[in-house]
Amino acid sequence: MPSGDPTPVATEATEAPEAPIHNPANILTLVRLMLVPVFVVLVVWSGFDESFLQVIAAVVFLVASLTDFVDGWVARRFGYVTRLGKVADPIADKALTGAALVLFSLYDLLPWWATAVILVREWGITLLRFWVIRYGVIAASRGGKVKTALQTLAIALYLCPLPSWLDTIAAWVMWAAVAVTVITGVDYVRQAIRLRLAARRPAPPRAVVREGDLGA
């Protein structure tokens, strides 16, 4: 599944030429989706008792998370933005993060309420973006990118077999990720509501310029 203003910015939606579906950005997104079951199998196989498998699972997770950054950059840089990519990319991102968090809760490493809070926020904001997409785009903020970075780091720390004294650090990073997830989620909701309200306001009347108003 990590510039701009510190809060999400609602920008007007603009029509862009549709890129071919078979492009490098979409292929990277597909790779991330395919890595999710591989990641799950490795974690379950390790049972959080096999250090080697845990490390491999962490590497797979980090590689999949890296594709989330790369496919977005490729899509924007080379104009490979497609409707399929807009839908598949957040689904792949949430599926990867969600699978990790659910596994942590299943193995009693993370309370279920923390997993529920993060998943509700992640999927809720994704649905919210689709809800307002016809009115405008809620751009990613610094807070959202910090949230993604904290989640990625926390999950990687939980996956790796760490010395006992580092367990506390992993827990603190995870709680920081939960807090930033909630705070940024509230901010995105505020931005979405403001965007919808702005779209419902009638456009101001255009000024009528008469011939005599133009001066000599």
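This is a predicted model: local features need pLDDT of at least 70, side-chain atom pairs count only at pLDDT 80 or more; totals for chains, interfaces and linings use all residues.
Residues are numbered from 1 along each chain as its sequence is written, and side-chain values use heavy atoms, with hydrogens and water left out.

**View 1. Leu159 and its neighbours.** Leaving aside residues up to four places away in sequence, Leu159 touches Phe39, Val43, Phe48, Gln54, Ala57, Ala58, Phe61 and Phe104. Leu159 also belongs to the largest nonpolar core, which has 29 residues. Such a core is a set of buried Ala, Val, Leu, Ile, Met, Phe, Trp, Tyr and Cys residues joined through side-chain atoms within 4.5 Å. Buried means under 20% relative accessible area, exposed over 50%, and partly exposed in between (1.4 Å probe, protein chains only). The residues with the most contacts inside the core are Phe39, Phe104, Ile155, Leu159 and Met174. Two or more core residues come from each of helix 1 (24-46), helix 2 (51-78), helix 3 (83-106), helix 4 (112-132), helix 5 (142-159) and helix 6 (164-200). Another core, of six residues, lies apart from it and includes Ile125, Tyr188, Ala192 and Leu195.

**View 2. The whole chain, for orientation.** The protein has six helices and two strands, arranged along the sequence as β-α-α-α-α-β-α-α. Helices (H or I, at least four residues) and strands (E, at least two) are DSSP runs, numbered from the N terminus. Of the 216 residues, 39% are buried.

**View 3. Two loop residues with positive phi.** Most residues other than glycine have a negative phi. Phe48, in the loop between helix 1 and helix 2, has a positive phi of about 55°. Asp108 sits in the loop between helix 3 and helix 4, and its phi is near 60°. Is each of them buried or exposed? Phe48 is buried, at a relative accessible area of 17%, whereas Asp108 is exposed, at 70%.

View 4. Leu30, Leu33, Met34, Val87, Ile91, Trp123, Leu127 and Phe130 make a nonpolar surface patch of about 700 Å². Patches are made of residues with over 30% relative accessible area and no salt bridge, with like charges joined within 9 Å and nonpolar side chains (Val, Leu, Ile, Met, Phe, Trp, Tyr) within 5 Å. A salt bridge is a side-chain nitrogen of Lys or Arg within 4 Å of a carboxyl oxygen of Asp or Glu. Helix 1, helix 3 and helix 4 each give two or more residues to the patch. The C-alpha atoms of Ile91 and Thr29 are 9.3 Å apart, although 62 residues separate the two along the chain.

**View 5. Spans listed by UniProt.** An unreviewed UniProt entry lists residues 27-46, 52-74, 95-114 and 172-190 as "transmembrane region". UniProt positions are given in the numbering used here, feature names are shortened, and annotations may be inferred rather than shown by experiment. Residues 172-190 are 100% helix and 0% strand, with end C-alpha atoms 27 Å apart. Residues 95-114 are 75% helix and 0% strand, and their end C-alpha atoms lie 16 Å apart.

Terms used: Contact means heavy atoms within 4.5 Å. Accessible areas come from the Shrake-Rupley method with a 1.4 Å probe; for residues, only the protein chains shown count as cover.
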